[in-house]
Amino acid sequence: MERPVRTAVWSAGLTALLVAVVLGSAALGPVRIAPLTVAMAILNAVAVPSGLEIGTGTLPVLGWSVPLPGLEYASVFSFEVPGTYQFIVTQMRLPRIALAATVGFALAAAGTVMQGFFRNPLADPSIIGVSTGGATGAVAAIAFPGLVPFGSVHLAAFGGALTAAVVVYAIATEGGRTPVATLLLAGVAVQAFLGSVISFMLIHSGDGINEAIVWLMGSLRDRGWSDVAFALPVTLLGVLVLGAYARELNVLLLGEEDAHHLGVDVERTKLFLLALASVVTAAGVAVTGVIGFVGLVVPHIMRLIVGPDHRILFPTSALAGASFLVVTDTLARWPVGPTEVPVGIVTAALGAPFFLFLLTRQEVHSV
């Protein structure tokens, strides 16, 4: 089977799997809802622009009320669904599920890029300190809100994640070149330093310590459509652009010298891939906290199934990552005690044994 056909078949199958996982997850909870009813409730929420409306807005400085144009929307479907079920699905469960799919999509895509970039099956999106940087920004915003020049934990985490990536890249770059080994070591050092900063802030976080700890564990609890709106545009745009660099990732697997001889601008490509993968990871970390092992486990499993060609591996890993995080978050919100288990604990519990399995494989020891 030729590569475009394989890509289309695998992507269609994994998309169908994601749809099934979303319907199943939305059906489960204290109130059980039939998957068919869930599907109808989701379709009822689909709306398209139907016209223009004129509303009013207030100028931020002068305080004047001015007319502002807006769009009117009309529902496409009108299935008979009880109002309670419609609300539970579209306002309580679906935002969380959509965010899980978005973040899983982002982390798996970034993990695929990092594993190809470092030519190491044990690489993941946090390898250059992005997740730890996001954690530092979020904990700072929670513990010392007056000292952080951002209005929300999301923005503080996003800024902290990108700042950590920039610092690691700057440390590892010398004379216009960024050796992969130096980049990896710089990431380890920066993560260790930021870990100490986080520990210091937790000691002095006062009443915010519980919120900070839950954030560090990674959680999708109490997330809404505003969180999806924050992460989804960055994730989709970033992943689409990264997908266009699948050929360059394939060539980089041959080594930097061979890639250069084959016409790849190695340093420019490395900078672009690192920057965009960091942005995609930061968008996920900023809304959910630190969720580990998604970007490690999912790309590696898909590599074993579809092979190392990033033109197939990249889209399939991203789709599989979306399903994986939706499933693990469904397990996380399953009632097992007085409080919900953060999804980061579930992904770690599933991912750590797989990580140990990788360590027993011969090719890992030779990396």
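This is a predicted model: local features need pLDDT of at least 70, side-chain atom pairs count only at pLDDT 80 or more; totals for chains, interfaces and linings use all residues.
Visitor: How do α3 and α12 pack, angle and distance?
Guide: The angle between α3 and α12 is about 70°, and their axes are 8 Å apart. Axes here are lines fitted to C-alpha atoms, for helices over the stretch in contact, and angles run from 0 to 180 degrees between N-to-C directions. A helix is a DSSP run of H or I with at least four residues, numbered from the N terminus.

Visitor: Which residues make the contact between them?
Guide: From α3 there are Gly 104, Leu 107, Ala 108, Gly 111, Thr 112 and Gln 115, and from α12 there are Val 294, Gly 295, Leu 296, Val 298, Pro 299, His 300 and Arg 303. Contact means heavy atoms within 4.5 Å. By class, these residues divide into 6 nonpolar, 6 polar and 1 charged. Nonpolar covers Ala, Val, Leu, Ile, Met, Phe, Trp, Tyr, Cys and Pro; charged covers Asp, Glu, Lys and Arg; the others, Gly among them, are polar.

Visitor: What about α1 and α3, at what angle do they pack?
Guide: Helix α1, residues 3-27, packs with α3 at about 145°, with the axes 10 Å apart. Their crossing is right-handed. On the α1 side are Leu 18, Val 22, Ser 25, Ala 26 and Ala 27, which meet Arg 93, Leu 94, Ile 97 and Ala 101 in α3. That contact has 7 nonpolar, 1 polar and 1 charged residues.

Visitor: And α5 with α11, how far apart are the axes?
Guide: The axes of α5 (residues 153-172) and α11 (residues 266-288) are 8 Å apart, and the angle is about 155°. That angle is why α5 and α11 count as roughly antiparallel. α5 passes α11 in a right-handed crossing. Among the residues in the contact are His 154, Phe 158 and Tyr 169 of α5, with Leu 271, Ser 278 and Val 287 of α11. The contact divides into 13 nonpolar, 2 polar and no charged residues.

Visitor: Let's do single residues. Is Thr 90 buried or exposed?
Guide: Thr 90 is buried, at 7% relative accessible area. Buried is under 20%, exposed is over 50%, and partly exposed is in between, using a 1.4 Å probe and protein chains only. Thr 90 sits in helix α3, residues 83-118.

Visitor: What does its side chain reach?
Guide: The side chain of Thr 90 reaches the backbone oxygen of Gln 86 at 2.6 Å. Leaving aside neighbours within four places in sequence, Thr 90 is in contact with Ala 41, Ala 45, Pro 95 and Trp 225.

Visitor: Where does Leu 325 lie?
Guide: Leu 325 lies in helix α13, residues 310-332, and is buried, with a relative accessible area of 0%. Not counting residues up to four places away in sequence, Leu 325 touches Ala 100, Val 103, Gly 104, Ile 291, Val 294, Val 343 and Thr 347.

Visitor: What about the phi of Phe 293?
Guide: Phe 293 is not a glycine, and its phi is positive, about 75°. Phe 293 is in the loop between α11 and α12 (294-306). Its relative accessibility is 24%, so Phe 293 counts as partly exposed.

Visitor: Where is Gly 292?
Guide: Gly 292 is in the loop between α11 and α12, and is partly exposed at 27% relative accessible area. Gly 292 and Ala 348 are 56 residues apart in sequence and 6.2 Å apart in space, C-alpha to C-alpha.

How values were computed
Residues are numbered from 1 along each chain as its sequence is written. Side-chain values use heavy atoms; hydrogens and water are left out. Helices (H or I, at least four residues) and strands (E, at least two) are DSSP runs, numbered from the N terminus. A polar contact is a pair of N or O atoms within 3.5 Å; within protein, one must be able to donate a hydrogen and the other to accept it, and residues adjacent in sequence count only if both atoms are side-chain atoms. Angles under 35 degrees count as roughly parallel, over 145 as roughly antiparallel, 65 to 115 as roughly perpendicular and the rest as oblique. A crossing is left-handed if the near helix is turned anticlockwise from the far one by less than a right angle, and right-handed if clockwise.
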